Each structure stands twice: as C-alpha cells, then as structure tokens.
Amino acid sequence: MLVVGLPLVLVLAGCGAQVEGEGAGAAADALAADVGADPKAACALLAPRTLESVEDDGMPCPQALAAAGLPTPGEHTAVTVAGHSAQVRYRGETVFLALFDDGWKVTAAGCSRTSSDPDVPYDCAIEGD
C-alpha cells in the first residue's frame, strides 16, 4: 500500500515545485513590467532588506529604482526554485527571489555574471545587504 502512495506523493511534490516556479517567475516578470509603468507597485515586490538597501541613500524607492537603471529583460528563459529561494533567468539578466508569507519577493535584480567562475558572485543593480 505504501508503494502505491509514493508515486502520488512524488507527483504532488513535482506540481508544487512547478507552481512555486510559476509564482517566482510571475513576481520577477511583474517587477520588470512595473519598474517603468508603476514604480510604487515594483517597490512592493522587493524583499524588506532589498527595499531598505534601495532607499539607503535617502531617495524614495520609486525614484531609486528608476535611478538604478534596471534592464527590461523580456521573457524569462528559466526558473529554478530551491526551497524558499528562486532564480529567474532572462537573456543577459538574472533576478533572485525569496518566498515570504505574502509570496515571492525580489532580493536582487539586474544581476549578471562578471566571471565564468561559479564561485564569483553576481554583480547586481539592486540587492539587499
């Protein structure tokens, strides 16, 4: 009987990961769309530490996001979810997110690799400390 239930558990676990990936991808896409169209809504998509970091120079978040020069990434090419963290890749840009009680929040955006060495961190236009 346990063997019969195991495939169902695996199928449900796979569905959960797909749903989480869709949620993370949607949040990253919304940030990209809102930065120019509705910067206040874009700010609501930032994780608390990222929001604090963006406003660190005393500039309100909507103006700080505009000044950050985030690229308009287009359609995402890959979403990877690992527990409560996600990475959404676009052509030339990566967005990192974390899952909070109220959904996926952006922890870093406008990120790109400056080295082919995977141990070298991404360089990001905005990120939490």
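Me: Before we start, what kind of model is it, and which pLDDT is needed for local features?
Reply: The model is predicted; local features need pLDDT of at least 70, side-chain atom pairs count only at pLDDT 80 or more, and totals for chains, interfaces and linings use all residues. Residues are numbered from 1 along each chain as its sequence is written, and side-chain values use heavy atoms, with hydrogens and water left out.

Me: OK. How many helices and strands are there in the protein?
Reply: The protein has four helices and five strands. Both are DSSP runs numbered from the N terminus, where a helix (H or I) has at least four residues and a strand (E) at least two. Along the sequence the pattern reads α-α-α-α-β-β-β-β-β.

Me: What order do the strands have in the sheet?
Reply: The order is S1-S2-S3-S4-S5, in an open sheet of five strands with antiparallel pairing. Strands pair if DSSP finds at least two bridges between them. Strand S1 (78–82) and strand S5 (126–127) are the edge strands, each pairing on one side only.

Me: And how many bridges are there between S3 and S4?
Reply: Six bridges, in the antiparallel sense, join strand S3 (residues 93–100) and strand S4 (residues 103–111). The two strands form a hairpin with two residues between them. Leucine 99 stands opposite tryptophan 104 in S4, and phenylalanine 96 has alanine 108 in S4 as its bridge partner.

Me: Which residue in S5 is the bridge partner of alanine 108?
Reply: Glutamate 127 is that partner in S5. S4 and S5 pair over two bridges, in the antiparallel sense.

Me: Why is S4 described as largely enclosed?
Reply: Because eight of its nine residues are buried, S4 is largely enclosed by the rest of the structure. Buried means under 20% relative accessible area, exposed means over 50%, and partly exposed is in between (1.4 Å probe, protein chains only). Of the 129 residues in the protein, buried ones make up 30%.

Me: Switching to threonine 50. Buried or exposed?
Reply: Threonine 50 counts as buried because its relative accessibility is 2%. Its place is in helix H3 (residues 48–54).

Me: What does threonine 50 touch?
Reply: Not counting residues up to four places away in sequence, threonine 50 touches Val106, Thr107, Ala108, Ile126, Glu127 and Gly128. Contact here means heavy atoms within 4.5 Å. The side chain of threonine 50 also reaches the backbone oxygen of threonine 107 at 2.8 Å.

Me: Now histidine 76. Where does it lie?
Reply: Histidine 76 lies in the loop between helix H4 (61–68) and S1. With a relative accessible area of 27%, histidine 76 is partly exposed.

Me: Which side chain does histidine 76 have a polar contact with?
Reply: The side chain of aspartate 29, at 3.0 Å. A polar contact is a pair of N or O atoms within 3.5 Å; within protein, one must be able to donate a hydrogen and the other to accept it, and residues adjacent in sequence count only if both atoms are side-chain atoms.

Me: And what separates histidine 76 from tyrosine 90?
Reply: Their C-alpha atoms are separated by 4.4 Å, while the two residues are 14 residues apart along the chain.

Me: What about glutamine 87, where is its place?
Reply: Glutamine 87 is in strand S2 (residues 85–90). At 16% relative accessibility, glutamine 87 counts as buried. A polar contact of 3.0 Å joins its side chain to that of arginine 89.

Me: Last topic. What volume does the largest pocket have?
Reply: About 170 Å³. On a 1 Å grid over the protein atoms alone, a pocket is an open set of points where a 1.4 Å probe fits, with protein on both sides within 12 Å along at least five of seven lines; lining residues have an atom within 4 Å of a point. Grid points are joined across faces, edges and corners, and the volume is the space filled by probe spheres set on the points.

Me: Which element gives the largest share of the lining?
Reply: H4, with three residues. H3, H4 and S5 each supply at least two residues of the lining. Among the lining residues are Ser53, Met59, Ala64 and Glu127.
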